[in-house]
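Dear colleague,

My notes on what was found in it follow directly after it.

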Amino acid sequence: MAKQLHDTPNLDQLESGPWPSFVTGLKRLAKDNDMTVDLMGQLEESYKTRFGYWKGGTVGVVGYGGGVIPRFTELKNADGSPKFPEAAEFHTLRIMPPAGMHYSSKLLRDFCDAWIETGGSGLIALHGQSGDIMLQGIKTADVQRAFDKFNEMGFDLGGAGPALRTSMSCVGAARCEMSCYDEARALRIVINNNIDDMHRPSLPYKFKFKFSGCPNDCTNSVQRSDMATIGTWRDNIRSDEKLSREWYANHSMEDTINMVVSMCPTRAIQLKKTAAVATGEKITKVVLSDEQCLEIDNSNCVRCMHCINVMPGALLPGKDKGVTILVGGKSVLKIGASMGTVVVPFMKMESDEDFERLNELSRTIIDFFAENALEHERTGEMIERIGLVNFLEGIGLDVDPSMINHPRANPYVRTDGWDEEAEKWFERKAAAAA
Amino acid sequence: MAERTHETIESGTPDPMPYMHPVMKENYGKWAFHSHPKPGVLYHRAENGAEVWTVKAGTARQMDHYTIRKLADIADQFADGYVRFTTRSNIEYMVGDGAKVEPLIKALNDNGFPIGGTANSVSMIAHTQGWLHCDIPGTDASGAVKALMDELHDEFVKCEMPNRVKLSTSCCEINCGGQADIAIVIQHTKPPKINHDLVANVCERPTVVARCPVAAIRPALINGKPSLEVDEKKCICCGACFPPCPPMQINDPVHSKFAIWVGGKNSNARSKPTFHKLVASGIPNNPPRWPEVSVVVKRILAEYKADGRPWERVNEWIDRIGWPAFFEKTGLPFTKYHIDNWRGGRTSLNASTHIRF
């Protein structure tokens, strides 16, 4: 062990400066890990030539078709032997963390021990962009025993390839007053009930779920997931008079106007004299002082979170909580980045039955995707191709005006079913009112 | 392979409860208030008055096990033995006693971990794998991030921005780093260089043809071998053909440039979520410290910091002042490449007389 370090004049320049240096970390590993010595050799070569030198391949564990990211070096000598033989195989195991990325110090140490014991390089990325613990640097021969060790500890491989992917939920209910549902529970119900689609990739392309407890969307679910489950509420914003008075005492009328009232996107907040605040079941009265109040018209509040962010605790989400579900978010390839769009404006998320309904909807959407998407097509691209209405009909959801920014602006549609569709709308309204 | 002694349990995502700070566990779903006592520190109070303080520190994300053990030791010696990680690879220590905050901060700082990343600061950069582990990277990720965070360290440890600033870097146009207030993304500028000797054996040609967003790839017989050819007039140099067909090399040490995009926002707060927009390109891929990237990012941040109003994110600041003012203030050139000609691009044009003079 303890192969001589290669010269790394480029990487060495990344050891100075105030931010923690991964190069310093690699050098610590390289003291007794030859794989890391050679990894640094290859990385230095990339810094010199400005090229990457990894290729994929097929490496896995028994029974699973994904979760290991195989990497083989392409830096070869003239005779075909690898220039950095100890890092010629440098695979990653993707492991799913506890929902919300909570760790005890013991768990962190157990992870380090298990990784070293089973042949790992000692390098761990916390976390990958989909939320995996990435155990980076292991040879093919050691992959199975490393996975077995982590699996015995209660951990499982994440997703890769055309499969259900590892999910993320925000800190949410564990430490945030804005949380509108149990994000970790929703994540585990949806992911763990569909785990077959993660471990045996057979979908048209990847499928990602993300779970955010409120519209601040700290997991970036609207842009990064095929199905975004975002907490929201239907009743009025709650107000705590003691805290709203405290907030005002520490701020000013200028702050109130500039940072709260005028930044409400739907102008649902007005400044009022206390005596002049409207009454009504959709009004929240926010007491700033004996003289001044804010009046929130909840019927025109779009649950954007801004005023609640500015006045934490003084304002809180309502109590009739649930989720909004948006489908089709994804990054660039192939049609360009696309945002998730609303398919369920509101769904309660409290009882066992509510969570089961979310689970069923998730399964229905995955099934529809599996049957209808083209190869290498994401859900958002499929919806772009077939239209939202076909998608909704396929998964059994009714149209709703909350799904659109505005109705169509062109006449290019055949409308000979209009009367029947209008009748459905009135029937749904009557059923909802009953 | 040796005989396996373990039967796989497809256990999925683990329950976080065994690893969660006890105060958070006891008050799960019952939080009522938070405040931001100082940069890097959050205070949360539950309905029953229970309190928890959080200290947030930056990490390198790609960590050796010695560093992770050090973080665990700090959790035991100066906190309550529990941590969590954020989506941007910051570590959070929770303590049930406010008196533990300052000694914890000192221990983290003494070990080289910067404290910050909360509220209206520049947080850690969400990033990708790069040359360290990706099979298609145009550049490195960890190194580019380390270099830039060294430059932005002050903005991480202070909270002086109008609102929070999220950054990302991506080593190719697939943009795995994600949408951000400021995103730094490789932009290829030349069509792929094809190794025709390898295409037939390595690439599933119809798949590659189907991958191209502009239908610029077609099957061809080159030197008597089945291969693929690219209509270079149509090619938009996106690199989509490279992952399914490595002999179509898109990465180029000189012609793969950095582009900078601004105004991505995933939160629904105030404005609806937005995608980031291209503002600069042609920036050289210049390891090990990519100084040209830092110059542009810092210039944009300086203008936003000076001119943004409290709570305005970068996109909202630009919405208020307009794009002409953005290019004027930042000194960045406005070119024909900023005008979108992709499908649906006309919706990005100004169909009004709303013009600032």
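B:I339 is partly exposed, with a relative accessible area of 45%, where partly exposed lies between buried (under 20% relative accessible area) and exposed (over 50%), using a 1.4 Å probe and protein chains only. This residue, B:I339, sits in the segment that follows helix 9 (323-330) of chain B, and together with B:F334 and B:L349 it forms a nonpolar patch on the surface, with about 290 Å² of accessible area together. Accessible areas come from the Shrake-Rupley method with a 1.4 Å probe, and for residues only the protein chains shown count as cover. A patch is made of residues with over 30% relative accessible area and no salt bridge, with like charges joined within 9 Å and nonpolar side chains (Val, Leu, Ile, Met, Phe, Trp, Tyr) within 5 Å; a salt bridge is a side-chain nitrogen of Lys or Arg within 4 Å of a carboxyl oxygen of Asp or Glu.

Please keep in mind that this is a predicted model, in which local features need pLDDT of at least 70 and side-chain atom pairs count only at pLDDT 80 or more, while totals for chains, interfaces and linings use all residues. Residues are numbered from 1 along each chain as its sequence is written, chains are lettered from A and ligands numbered from 1 in the order in which they are written, and side-chain values use heavy atoms, with hydrogens and water left out.

Chain B has nine helices and 14 strands, these being DSSP runs numbered from the N terminus (helices H or I, at least four residues; strands E, at least two). Of the 357 residues in chain B, 57% are buried.

In chain B, helix 4 (residues 142-157) and helix 7 (residues 291-307) pack at an angle of about 15°, with their axes 10 Å apart, the axes being lines fitted to C-alpha atoms over the stretch in contact and the angles running from 0 to 180 degrees between N-to-C directions. Helix 4 and helix 7 of chain B are therefore roughly parallel to each other, a term for angles under 35 degrees.

Most residues other than glycine have a negative phi, and most peptide bonds are trans. In chain A, however, a cis peptide bond with omega of about -5° joins A:L126 and A:H127, and A:H127 is found in the loop between strand 6 (123-126) and strand 7 (133-136). A:M101 has a positive phi, near 60°, and is buried, with a relative accessible area of 6%.

Best wishes

Technical notes: Angles under 35 degrees count as roughly parallel, over 145 as roughly antiparallel, 65 to 115 as roughly perpendicular and the rest as oblique.
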